[in-house]
Amino acid sequence: MEKNQYKYKDAMALRQTAENGFLEEAVHKPENLSSLSLEMIYEAFHELRVNQIELEMQKDELRRARAEKDESLRRMAGSVAHHFNNQLTVVMGSLELYLNDLPQNAKNSEKLRRSMKAAQKAAAMSRQMLNYLGQTSGSNEPFNLSEACFRSLARLQPEMPKEIVLNCNFPDSGPLIHADKDQMHQILTSLVTNAWESVSGNQGTLSLTINTGSPGDVPTAKSIPADWQPKDISYVCLEVSDTGCGVATMDMEKIFDPFFTTKFTGRGMGLPVALEFVKNHEGCITVDSIPGDGSVFSVYLPVIGL
Ligand SMILES: Nc1ncnc2c1ncn2[C@@H]1O[C@H](COP(=O)(O)OP(=O)(O)OP(=O)(O)O)[C@@H](O)[C@H]1O
Ligand SMILES: [Mg+2]
C-alpha cells in the first residue's frame with residue numbers, strides 16, 4: 001500500500017492520500033515541538049476527531065431515544081387522564097342524580113356528598129394533567145393584564161387569609177398582551193396561592209407588581225425554560241412576591257416537576273401547569289428565593305401595547 005505523505009502548511013498538519021490529495025485537519029503545530037513528526041501530530045489529532053464524531057453520534061442517538069420515550073409517555077399520560085376524566089364525568093353525573101332524588105337530611109347524603117367532592121378533586125387533577133400535557137385548547141386574544149389581575153384577585157381574595165397584607169403595584173389598566181384569559185387566571189391563581197400558603201401563621205406580605213421593559217431587561221441567565229430567548233419586542237414582568245418560608249435550596253430544581261410538592265400527596269401541579277401556560281404565551285419564568293425570607297416569582301410575557 002502506498003504510504004501517506006504529510007506536510008505542514010498555514011498552521012495545519014495535512015495528509016496526502018493517493019486518492020483524495022491533501023486532507024486538512026485543524027491541527028495547530030506548536031513551534032517549540034518542531035522535532036515531532038507531522039505524521040504523529042496528524043494521526044493523533046485525526047484519531048481524536050474520529051472519537052469526537054463517534055461520541056456526538058452516540059449522544060444524538062441517546063437524545064433521539066429519549067425524545068421518543070418522552071413522547072410515548074406523554075401520549076400514555078394523556079390518554080389515562082382523558083379516560084379518567086370521562087369516567088369521572090359519569091360517576092359525578094350519577095352521584096348528582098342520586099343526591100337530587102334524596103330527601104333533605106337523608107341518612108347517606110353526607111357520604112354521597114363526600115364521594116362527590118372526591119370525584120370532583122380527581123376530575124380537577126385529570127384536567128391539570130391535560131393542561132400540563134398541552135392537550136387543552138387556548139385562545140389568543142388582546143388581553144389587559146392589570147384589569148385581569150384585579151378581576152382574578154377579586155375571585156381569589158375571599159379564600160385568602162384576611163391577615164395577609166396584599167400590595168398591588170400596578171396601573172388601573174394595561175399593558176396589553178395576547179393571551180388566553182383562563183390560562184392567565186390559572187397562572188395568577190397558582191402563584192398567588194403558593195405565595196399565601198408559604199406564609200406561616202398568616203403573618204406576612206404578598207405583593208403583585210407589573211412592570212414593562214425591553215428584551216435586555218429579562219434575566220435570561222436564570223430563565224425557565226433555560227433555552228428561552230426574548231424577541232426584539234417589549235416585555236411585561238408580572239411579579240408575585242411573598243415574605244413566606246422561601247424554597248429550600250435542594251428543592252429549587254424540582255418545583256416545576258409534576259407532582260413535586262412539600263404539602264400533601266396528590267398536589268404539585270400548580271407550577272408545572274403555570275409554566276406550560278407561560279410557554280404557550282411565548283414567555284418565561286424566573287424564581288428568586290431565600291429560605292426563611294421569601295420568594296419572588298416573575299413571569300415575562302411579550303407586550304402588544306401599553
Ligand atoms: N412562593 C413559594 N414559597 C415557597 N415555596 C414555594 C412557593 N411556590 C412554590 N413553592 C414550592 O414548590 C412546590 C410546588 O408548587 P406547586 O404550586 O407546583 O404545587 P403545590 O402548591 O404543592 O400544590 P398545588 O398542586 O395545589 O399547587 C410547593 O409544594 C412548594 O414547596
Ligand atoms: Mg401550588
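**Ligand shell, helix and sheet**

Analyst: α4 (181-198) and α5 (270-280) each supply at least two residues of the shell around ligand 1; helices are DSSP runs (H or I, at least four residues) and strands (E, at least two), numbered from the N terminus. This is a predicted model, in which local features need pLDDT of at least 70 and side-chain atom pairs count only at pLDDT 80 or more, while totals for chains, interfaces and linings use all residues. Residues are numbered from 1 along each chain as its sequence is written, and chains are lettered from A and ligands numbered from 1 in the order in which they are written.

User: Which helix gives the most to the shell around ligand 1?

Analyst: The shell counts residues whose C-beta atom, placed from the backbone, lies within 6 Å of the ligand. It holds 22 residues, and Asn-194 and Ser-198 are among the closest. With four residues, the largest contributor is α4.

User: What distance separates the end C-alpha atoms of α4?

Analyst: The expected span is 1.5 Å times one less than the number of residues. The 18 residues of α4 should therefore span 26 Å, and this agrees with the distance between its end C-alpha atoms, 26 Å.

User: In β7, which residue is the bridge partner of Asn-169?

Analyst: β5 and β7 (residues 205-213) pair in the parallel sense over five bridges. The partner of Asn-169 in β7 is Thr-209.

Methods:
Pairing = 2+ DSSP bridges.
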